[in-house]
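Please keep the sequence and the 3D view at hand as you read.

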Amino acid sequence: MIEPVIETLRHSRKPLLVSDIDEVVLDFLDPFQDYLQSENHWLNATSFRLNGNILSTVDDAPASPEMVDNFQERFFEGQDRWQRPSPGAHHALNLIARHADIVFLTAMPPRHSAVRRQLLDRHALHFPMIATEEAKGPVVRDLIGGRGVPAAFIDDIFYNLHSVRENAPECLLVNMMSNATFRALAPEPGHGIAKAENWQQAATMILDHFGVDVHL
Ligand SMILES: [Mg+2]
């Protein structure tokens, strides 16, 4: 639900960081590969997509799109057994939180919100979370809400960054992906999008955009 989060931000004058979760705050690809092994499949990192790249460990037959959907569904159902914070995420977010409001915005189906909330809280990542399959750009625009505060958005998926670029052009856009193998396969993110290799670089860019002088 976006409305309660908008309401808590309505009177804030602090800068705003909107952060994706999978492959940014929580590792996704490494734990997803651990999960696939438990299903006798593996992820062949030859291109920047899941469909066609999930193969049987028995005969390397590619999983059908329906099987890929099922794997993702079951993984998210049991995500608290598999996923863990991305390196540096906890430290960077707590540092940024001294100067800014932080909202998690995840494209995960909202039916998995409760298990994800518990997982984040278990790792002391208590920031408010919005889970939606709607485009992220309008959500970020509404979270900024015309308040004139500096804003930043960080995500691994270009589609989401482009959506925010279109709907909230004043927002700093940072592309970051925790998994180094898949990061190397990604094309250039497009104009106006900064690339960060890790949370230390990302936090430096974000705090600089917010006008905070911090040496990390
Ligand atoms: Mg992501």
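E23 sits in the loop between β1 and α2. This is a predicted model, in which local features need pLDDT of at least 70 and side-chain atom pairs count only at pLDDT 80 or more, while totals for chains, interfaces and linings use all residues. Residues are numbered from 1 along each chain as its sequence is written, and side-chain values use heavy atoms, with hydrogens and water left out.

Strands and helices here are DSSP runs numbered from the N terminus (H or I and at least four residues for helices, E and at least two for strands). E23 has a phi near 70 degrees, a positive value in a residue other than glycine. Is E23 buried or exposed? Because its relative accessibility is 2%, E23 counts as buried; the cut-offs are under 20% relative accessible area for buried, over 50% for exposed and in between for partly exposed, with a 1.4 Å probe and protein chains only.

D20 is found in the loop between β1 (16-19) and α2 (29-38).

Leaving aside residues up to four places away in sequence, D20 touches V25, L105, T106, K136, I154, D155 and D156, where contact means heavy atoms within 4.5 Å.

## Two polar contacts

A polar contact is a pair of N or O atoms within 3.5 Å; within protein, one must be able to donate a hydrogen and the other to accept it, and residues adjacent in sequence count only if both atoms are side-chain atoms.

| Side-chain pair | Distance |
|---|---|
| D20 and K136 | 3.0 Å |
| D101 and S12 | 2.6 Å |

D101 belongs to strand β4 (residues 101-106) and is buried, with a relative accessible area of 15%.

N40 is not a glycine, yet it has a positive phi of about 60 degrees. N40 lies in the loop between α2 and β2 (41-43) and is partly exposed, with a relative accessible area of 47%.

## How the helices pack

Two packed helices are described by the angle between their axes and the distance between the axes. Helix α7 (residues 136-144) packs against helix α8 (residues 158-167) at an angle of about 45 degrees, with the axes 7 Å apart. The contact is made by K136, G137, P138, V140 and R141 of α7 with N160, S163, V164 and N167 of α8.

Helix α5 (residues 89-97) and helix α10 (residues 199-209) pack at about 15 degrees, their axes being 9 Å apart. Axes are lines fitted to C-alpha atoms, for helices over the stretch in contact, and angles run from 0 to 180 degrees between N-to-C directions.
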